[in-house]
Amino acid sequence: MSSVPMAHGLLLAGVLFGLGLVGVVARRNIVFMLLSIEVMLNAAGLAFVVAGSRWGQADGQAMFLLILAMAAAEVSVGLALLIQLHRRFKTVDVDAASNLQG
Amino acid sequence: MSATFYLLAAVAVIATVLVITHTNAVHALLYLIVSLLAVALIFFTLGAPFVAALELIIYAGAIMVLFIFVMMLLNLGQAATQQERRWLDPRLWVGPAILTIVLLAELAVTLSNTNRLAGGSVVGPKQVGILMFGPYLLGVELASILLLAGLVGAYHLARRDTRRERGEKPA
């Protein structure tokens with residue numbers, strides 16, 4: 001890693017993760033919730049790469065690849081749920097699917 | 001090279017804030033792509049070029065195209081030509097374009113003095129590959145099973161329920 005301290009890289013990852021978390025909690029549109037989840041996964045991968053680069057090891061990048069595979073699987077299932085939600089309720093508002101709320 | 005990092009970090013944070021505050025899904029998607037580009041450049045400046053390339057190809061390429069594809073799928077009922085005209089509105093692309101120009105300038109600066117940037121700790125694809133197919137082999141196999149499960153799950157969830165559409169009781 002060049003002259004950037006690791007704490008700043010991790011701070012950036014934390015800020016991005018927090019923004020994604022705010023997006024998931026604040027938005028009720030399922031498209032934006034999925035986008036926010038992508039932001040959070042990306043921030044977690046950034047933390048791994050920053051730490052791996054701090055020690056000059058490839059482990060961080062290997063973990064990022066696994067996170068990438070997980071994000072791809074997650075987004076495919078999430079988008080299938082989005083299509084199903086839109087088909088059943090004619091909306092992209094997740095609060096429409098509240099049958100389990102009781 | 002720390003100024004590069006902080007500028008990239010600022011671009012990433014601004015783009016992400018705009019992602020979660022925008023009301024138009026396509027606008028938010030454009031800003032998310034900018035955010036991913038910024039993070040990819042951060043990976044590059046951190047000495048991880050392989051992961052930077054994968055971030056561009058898989059995240060900004062494949063996954064975002066999947067998002068756009070689904071959004072197009074859901075918008076089929078509306079008047080298409082009016083929508084096309086709306087998408088050509090400069091307000092849609094000026095913000096992402098400015099942020100992307102900042103990234104392009106940074107890329108040019110970064111590439112013009114690569115040897116100064118890396119600090120001698122570039123971890124290339126070869127080391128990552130040795131690690132992935134050595135100690136992390138089990139993780140790679142599990143990731144392939146996870147992707148298969150995602151494939152099956154997406155197919156099952158997005159399938160049309162013909163019984164329900166014919167008005168019969170679902171089994």
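Here are a few questions and answers about this predicted model.

Me: Why is Leu82(A) called buried?
Reply: Leu82(A) has 1% relative accessibility, so Leu82(A) counts as buried; that word means under 20% relative accessible area, with exposed over 50% and partly exposed in between (1.4 Å probe, protein chains only).

Me: And what does Leu82(A) touch?
Reply: Leaving out residues up to four places away in sequence, Leu82(A) touches Ile30(A), Val31(A), Val92(A), Val70(B) and Leu74(B). Contact here means heavy atoms within 4.5 Å.

Me: Why is Phe17(A) called partly exposed?
Reply: Phe17(A) counts as partly exposed because its relative accessibility is 37%. Phe17(A) lies in helix H1 (residues 6-26) of chain A; helices are DSSP runs (H or I, at least four residues), numbered from the N terminus.

Me: How do you know that the span of helix H2 of chain A agrees with its 26 residues?
Reply: The expected span is 1.5 Å times one less than the number of residues. For H2 (residues 30-55) of chain A that gives 38 Å, and the end C-alpha atoms are 38 Å apart, so the two agree.

Me: What makes H2(A) mostly covered?
Reply: Of its 26 residues, 19 are buried.

Me: What comes just after H2(A)?
Reply: Gly56(A), which takes a positive phi of about 70°.

A note on conventions: residues are numbered from 1 along each chain as its sequence is written, and chains are lettered from A and ligands numbered from 1 in the order in which they are written. Local features need pLDDT of at least 70, side-chain atom pairs count only at pLDDT 80 or more, totals for chains, interfaces and linings use all residues, and side-chain values use heavy atoms, leaving out hydrogens and water.

Key: Helices (H or I, at least four residues) and strands (E, at least two) are DSSP runs, numbered from the N terminus.
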